[in-house]
Amino acid sequence: MRSLIDIMQLTTAEIDELVALGSDIIANPEKYAHKCDGKILATLFFEPSTRTRLSFESAMLSLGGKVLGFSEASSSSAAKGESVADTIRTVGCYADIIAMRHPKEGAPLVASMNTSVPVINAGDGGHNHPTQTLTDLLTIHHEKGHFDNLTVGLCGDLKFGRTVHSLIAAMSRYTGTKFVLISPEELKVPSYVKETYIKKNNIPYEQVTDLEEAMPKLDILYMTRVQRERFFNEEDYLRLKDSYILTPDKLKTAKKDLTILHPLPRVNEISVAVDDDPRAAYFRQVRYGRFIRMALILTLLGLN
Amino acid sequence: MTIDSIRNGIVIDHITAGKAMQLYQILKLDKVDASVALLNNVSSGKLGRKDIIKIDTLLELDWDLIGYVDPSITVNIIKDGVRVEKRQLKLPEVIRGVVKCKNPRCITSVEQELPQIFDLTDAAKHVYRCRYCETKAEM
């Protein structure tokens, strides 16, 4: 494995290894503190991000490595019209591993085709976000202890939510998974995601518009934000942005051991009053994100 | 109606009725320096109706492209009036440079020198998806 562009490049066995390594890093951080001494990670963020970029940088620094990069396209040569391929050929001369976010779908794949350095897709438009999925999986593993027989509710923007698509793909490979897809009509899961992962694997699923109706069935509730940047039309965004707001009241019928996840940032789709509920795992999820990225960097560099 | 048989050339047979013109255009047969006959709506025992294209010269054709447009096609190569090869086409696994991705969010929408590559993802339904963004191919 040289690059990670799509979560489905990883077998479930490889995911298990990453989760095990991430868990070992959590338990024994000192063992890994100098594993990447002398190595450089380039973070190329053509689209703004707080969590993902800092998480990658924190991961590399925690391994003893160094980081360089940019946090928006305007501070890179892309602003001058340079192609992804040319940018990556250049950066490949400066870094040992690259994490890249880009608003256009497929840009990290193009990058990986033009360098011998491992490229990690840190999010490409509304398409994929495999390291968020690895984060979600490490969180599920720690919160639930297993991946099998879980009813996973995904709520909000299921059309443009790249984390949703990658999580569906990943969870569709585990035994006994069921999906409850909760979204407004306009933001339903794209047909290719349903065809490729859910229907092909004969996974039971429901498509509903009512969160409260779905709530009692769920083992995991994955909330997402309606993302302004994915809409070409502001009116559509304004009409749909408040479709779902999770409040303590709506959790009354939820299971006692429900796990509430969110890739963050949130706007208002989870009320802050939910944050103190022990079932709210989204800030723990952020923490897991750093450890799984440490595990991934080590693995891609062959240092695990 | 009769069309002369050819001595050295290619007969593209069993084209789904109505698709010959599309194939003619995609294969750029208007640029070929030889006679090309396009037969629409010919009676066929196998298909009921079919189209046929006869090309009065031997030339290299993109088999994958023909298979993508219509996998039911058979191609006959004629030399000295004798059929020397009969090719049954099938859906290619990958098509390059034929279909353009229509997703405005795809990297190929802004970097137009990138090769347009589509992979066969569902042979039963003839579905191809953009290698970069997974959008379904549309002719």
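## Sheet in chain B

Two strands count as paired if DSSP finds at least two bridges between them. Strands themselves are DSSP runs (E, at least two residues), and helices are runs too (H or I, at least four), numbered from the N terminus. This is a predicted model, where local features need pLDDT of at least 70, side-chain atom pairs count only at pLDDT 80 or more, and totals for chains, interfaces and linings use all residues. Residues are numbered from 1 along each chain as its sequence is written, while chains are lettered from A and ligands numbered from 1 in the order in which they are written.

On to chain B: three strands make an open, antiparallel sheet there, ordered β6-β7-β8. Its edges are β6 (94-96) and β8 (127-130) of chain B, each pairing on one side only. On average, neighbouring strands are turned by 35° against each other, direction ignored (axes are lines fitted to C-alpha atoms, for helices over the stretch in contact, with angles from 0 to 180 degrees between N-to-C directions).

Strand β7 (residues 117-122) of chain B pairs with β8(B) over four bridges, antiparallel again. Asp119(B) has Arg129(B), in β8(B), as its bridge partner.

## Domains of chain B

An automatic or database domain assignment sets the bounds: chain B splits into domain 1 (9-88) and domain 2 (94-130). Taken over C-alpha atoms, the centres of these two domains of chain B are 25 Å apart.
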